[in-house]
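Here's a quick tour for anyone meeting this structure for the first time. Have a look at it, then read on.

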Amino acid sequence: MLNLCSDFSGDLADTAGLPLNPLILLALLLLLLAVFFFWRSHFQRVQSGVPDGRIIYSDPQLWGKVEKPFFDADAMLTGKPDYLVKQGDCFIPVEVKSSFSRVEPYGSHVFQLLAYCLLVDRSTGMRPPYGILKYRNRTFAIDYTPAQEEALLDLLTDIRADEGSSYCDRSHNDPARCSRCGFRSICDQKL
Ligand code: SF4
């Protein structure tokens, strides 16, 4: 009868004494690093409350330019996405960024796109199920769920509350963003 346990333990004992191939070690190290960076990025995204984005591919030929800004009096919000894509009865807003993205889209860009989703929903009466965020190196689909809409409305309420105050705390922990900021010379919270 074949004894799998004893056969495997014999194989392991054979390989245990051999030095590990440096290439295998390097591959293992790279794999561990990849897992670490993926976990860290996912953890930061969950902490920031920024919705998930999935990478999609889309034909730019299908995109139509938006001529006039949308406006919603209830949310006191105006703006226009770069493009709209027709999908069934819905219009999908598309925001195009000239920058490269990290593994995850930037939080401020996600909320900008969600604001366009809200404007398109309220202007056309058809709720877009998602919006598209296109960077130079990646394109993300950002779902527009009721929870995302609520997060956007909460953020707008916070912004309005801060508008009247003379002092606002830094809203991020991103040194790269501070390094590019035009207020850096006078800001007492720069990183
Ligand atoms: S320098 Fe100040 S204002 Fe500019 S991004 Fe950093 S914290 Fe914000």
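What follows is a short briefing, grouped by topic. This is a predicted model, so a few rules apply: local features need pLDDT of at least 70, side-chain atom pairs count only at pLDDT 80 or more, and totals for chains, interfaces and linings use all residues. Residues are numbered from 1 along each chain as its sequence is written.

**The overall layout**

- The chain has 5 helices and 8 strands; helices (H or I, at least four residues) and strands (E, at least two) are DSSP runs, numbered from the N terminus.
- Of the chain's 191 residues, 18% count as buried. Buried here is 20 or more other C-beta atoms within 10 Å of a residue's own, exposed is 12 or fewer, and partly exposed is in between, with C-beta atoms placed from the backbone.
- Take the contacts between residues at least 6 apart in sequence: 57% of them join residues at least 24 apart. Two residues are in contact if their C-beta atoms, placed from the backbone, lie within 7 Å.

**Helix H3 and its surroundings**

- H3 (residues 107–124) has 18 residues and reaches 26 Å from its first C-alpha to its last, close to the 26 Å expected at 1.5 Å a residue. The expected span is 1.5 Å times one less than the number of residues.
- Its buried residues are Val110, Leu113, Leu114, Ala115, Tyr116, Cys117, Leu118, Leu119 and Val120.
- What covers those buried residues of H3 includes strands E3 (70–72), E4 (77–79), E6 (90–96), E7 (130–134) and E8 (139–143), along with helix H4.
- Just after H3 comes Gly125, with a positive phi of about 80°.

**Where H3 meets H4**

- The axes of H3 and H4 (residues 146–163) come within 10 Å and cross at roughly 105°. Axes are lines fitted to C-alpha atoms, for helices over the stretch in contact, and angles run from 0 to 180 degrees between N-to-C directions.
- That makes H3 roughly perpendicular to H4, a label for angles of 65 to 115 degrees.
- H3 brings Phe111, Leu114, Ala115 and Leu118 to the contact, and H4 brings Gln148, Glu149, Leu152 and Leu155.
- Those contact residues divide into 6 nonpolar, 1 polar and 1 charged. Ala, Val, Leu, Ile, Met, Phe, Trp, Tyr, Cys and Pro count as nonpolar, Asp, Glu, Lys and Arg as charged, and the others, Gly among them, as polar.

- Phe70 sits in strand E3 and is buried, with 20 other C-beta atoms within 10 Å.
- Beyond four places in sequence, Phe70 touches Thr78, Gly79, Lys80, Leu119, Val120 and Ser123.
- Asp72 and Leu118 are 46 residues apart along the chain, and their C-alpha atoms are separated by 8.7 Å.
- Leaving aside neighbours within four places in sequence, Asp72 is in contact with Leu77, Leu118, Leu119 and Arg122.
- Met76 lies in the loop between E3 and E4. Although not a glycine, Met76 has a positive phi of about 50°, and it counts as exposed, with 9 C-beta neighbours inside 10 Å.

**Around the ligand**

- The residues around the ligand are Arg170, Arg177, Cys178, Cys181, Phe183, Arg184, Cys187, Gln189 and Lys190, each with its C-beta atom, placed from the backbone, within 6 Å of it.
- This shell divides into 4 nonpolar, 1 polar and 4 charged residues.

Definitions and conventions
Angles under 35 degrees count as roughly parallel, over 145 as roughly antiparallel, 65 to 115 as roughly perpendicular and the rest as oblique.
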